[in-house]
Amino acid sequence: MKKIVLLISVAWAAGSVTTACAQQGSRPAPAAVADIPEEASPVFVPNLPKELDFAGEKVPLQYAEVREALEREMTVTMFMHSRTLRTLRLTTRYFPVIEPILKKYGIPEDFKYLCMAESGLDPNTVSPAGASGLWQIMPSAAKDYGVETGRNVDLRFNVEIATEAACKYLRNAYERYGSWTLAAASYNAGLAGVSRRMGIQDVKSYYDLFLPEETMRYVYRILSFKLLTEHPQKYGFYLRKRDYLPAFENYRQVTVSGQDIDWSAFAAEHGTNYKVLRILNPWIRSYEYANKGGTTYTVTVPTEGFRENGK
C-alpha cells in the first residue's frame, strides 16, 4: 500500500512539474520568429582575399592562424554595425586631412586604417587609460612629441597636430624595426614592449611574434578596416554617395594669443557660438582659458553655409 501511495505521489509530482514547465514554455522564446523576413541581413563568416598586404608588406595568409585571426577581426568589425558604419561614413571627412600629412612624413597610406582602428575616426574619443583624440595619443607620448595637453587646451584633439605626432612616432618605429607592420604593432604595445619580445623570441616578423592578446589582434583589426573601407558592399555595408559625410570646407582660421580667453565670447565675435566652435576645434576643452604663457593658437571658425551644409 505504501508503495502504491508513493508511486502515485511521484506520478503526481512529475505531472505537476510537467504541467508547470508546459505553462512556462507556452510562449515562444524571445528570439523565435514566425518567418524570416526577406530583407533580413545575413550573418556570415567573411571570405578572405587570396592576397593581402599592409603598407606594401605581404600578409602571410598561407598560415592557418593568420587566416583565423583575420577572420576573427573581420567578423568583429563587420558586426559592430552602428560603430563601423559611422566610421566608414567619416572616412570622407578625415582622410583628406590625414593623407597629405602621412605623405609629408613618408608614412604609407595604409596607416589611415590604423587611425580607424584606434578611434573610429572620432576626434573626441578618450580611452579609459587616458589616450585621446583621433590617434589615441597617451599623455607621455604627447610630451615626447611636443603636443600640449591639459584640462583646458589639449592638442591631442587637434586632428592635424595629432596626425603629425603619430607620423613622427611611426617614422621612428620604422627606423628601429625596418618593418611597417612591426611599427604598427608598436603603436599598441610600445617600442620597448615589441623590442623586448622580439629579443626573447628571436624572431623579426609580427606574424611570428607572440604578443599580449590586444597586440596580437591589433594589426588584424587594422586590416579589417582596410578591407571594409575598400570593399564595403562585399562585407554587407551598402553606402550611397550621399551617406558619406563631407569634409569641412566652409571655414577660416584666425589666431588668438591673449590671456583669459572666453571661448563663448570669442565665438560670438566671429559670428558663431561655442557649440560650433567646439565642433571645429575639439582641442578646446573648457569655456575659458587663462593662457598665462600667452601661447598663440590657430582657431578654426565657420564661414557662411557651414551649419546649413555640414561642411
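Reader: How does the lining of the second largest pocket split by class?
Author: In this predicted model, that lining has 16 nonpolar, six polar and two charged residues. Nonpolar is Ala, Val, Leu, Ile, Met, Phe, Trp, Tyr, Cys and Pro, charged is Asp, Glu, Lys and Arg, and the others, Gly among them, are polar. Numbering starts from 1 along each chain, and side-chain values use heavy atoms, without hydrogens or water. Local features need pLDDT of at least 70 and side-chain atom pairs 80 or more, but totals for chains, interfaces and linings use all residues.

Reader: Which residues lie nearest its centre?
Author: V159, E160, Q253, L280 and T300, out of 24 lining residues. A pocket here is an open set of points on a 1 Å grid where a 1.4 Å probe fits, with protein on both sides within 12 Å along at least five of seven lines; lining residues have an atom within 4 Å of a point.

Reader: Which element gives the most to that lining?
Author: α3, with four residues. It spans 81-104, and β3 (251-256), α11 (274-280) and β6 (297-302) are among the others supplying at least two. Helices (H or I, at least four residues) and strands (E, at least two) are DSSP runs.

Reader: And what lines the largest pocket?
Author: 27 residues, with E118, Q136, Y187, N188 and Y218 closest to its centre. By class, that's 13 nonpolar, seven polar and seven charged.

Reader: Switching topic: what does W263 touch?
Author: Leaving out residues up to four places away in sequence, its contacts (heavy atoms within 4.5 Å) include V256, Y274, W283, Y287 and V299.
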